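Here is a short report for a first look. Please keep the sequence and the 3D view at hand while reading.

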Amino acid sequence: PMPTLAVVGRPNVGKSTLVNRIIGRREAVVEDVPGVTRDRVSYEANWSGRKFMVQDTGGWEPDAKGLQQSVARQAELAMQTADAILLVVDAVVGATATDQAVARVLRKSKTPVILVANKVDNERGESDASALWSLGLGEPRPVSATHGRGTGDLLDDVLAVL
Ligand code: GDP
Ligand code: MG
């Protein structure tokens, strides 16, 4: 079976946009309103001749109780079922309480976790990415899912652990 890369994080950080970037197609639904992605959806991806599955997550109602718990639950499922995990954070917003709660879960992960600092659309955003070292998940990888900035380097790092 193909290895699976799970993409987790709170709503609106750009998970589905990043998934589309990784698969090279616009299949994952991107929305300005959080909560549109179905619970977990997998897509086939191919990078440098390696095939793998990318799993988008989401599906929380905007008014759902315990958003933090829902995101943490997805992270726990990913730890049990995926071969590598991308935790996506909005570098412009910075680490929220939900991001910190998910990071706390993922710090215990035996499955490799790569911290993605998304929405770094230009060089000026690099310092926003560095601030995410505070999450305790190692080096934040700055990317712009919409522009493709940094995503090639990110995927090289993913293949190294997948
Ligand atoms: P998800 O809820 O985590 O799946 O987030 P989406 O992929 O649906 O994106 C949420 C919003 O963030 C949309 O308006 C996207 O266009 C925007 N977005 C995603 N990635 C980036 C990025 O790299 N830069 C900027 N500026 N906006 C982004
Ligand atoms: Mg989504």
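The report covers the sheet, its helices, the nonpolar core and the ligand shell.

## The sheet

This is a predicted model. Six strands form an open sheet with mixed pairing. Their order is β2-β3-β1-β4-β5-β6. The edges are β2 (40-47) and β6 (141-142). Each of these edge strands pairs on one side only.

β2 pairs with β3 (residues 50-57) in the antiparallel sense. Eight bridges join the two strands. Across this pair, S42 stands opposite Q55 of β3.

## Helices on the sheet

Helix α1 packs on the sheet. There α1 touches β1 (4-8), β2, β3, β4 and β5 (113-118). The direction of α1 makes about 165° with that of β3.

Helix α2 (residues 67-81) packs on the sheet too, touching β1, β3 and β4. Its direction makes about 170° with that of β1.

## The nonpolar core

In soluble globular proteins, nonpolar side chains tend to be buried together. Here the largest nonpolar core has 42 residues. I85, L87, L115 and V116 have the most contacts inside this core. Strand β4 (residues 84-90) gives the core its largest share, six residues.

What does L115 contact beyond its neighbours within four places in sequence? Its partners are L87, V89, L132, L135, L137, G138, P140 and R141.

## Around ligand 1

The shell around ligand 1 has 20 residues. G14, K15, S16, T17 and A145 come nearest. Helix α1 (residues 15-23) supplies the largest share of the shell, three residues. By type, the shell holds ten polar, five nonpolar and five charged residues.

Conventions: Residues numbered from 1 in each chain as written. Chains lettered and ligands numbered in written order. Predicted model: local features only at pLDDT ≥ 70, side-chain atom pairs only at ≥ 80, totals over all residues. Near = placed C-beta within 6 Å. Helix = DSSP H or I, 4+ residues; strand = E, 2+ residues; numbered from the N terminus. Nonpolar A, V, L, I, M, F, W, Y, C, P; charged D, E, K, R; others polar. Core = buried A, V, L, I, M, F, W, Y, C linked by C-beta atoms within 7 Å. Buried ≥ 20, exposed ≤ 12 C-beta atoms within 10 Å, placed from the backbone. Contact = placed C-beta atoms within 7 Å. Pairing = 2+ DSSP bridges. Axes fitted to C-alpha atoms, helices over the stretch in contact; angles between N-to-C directions.
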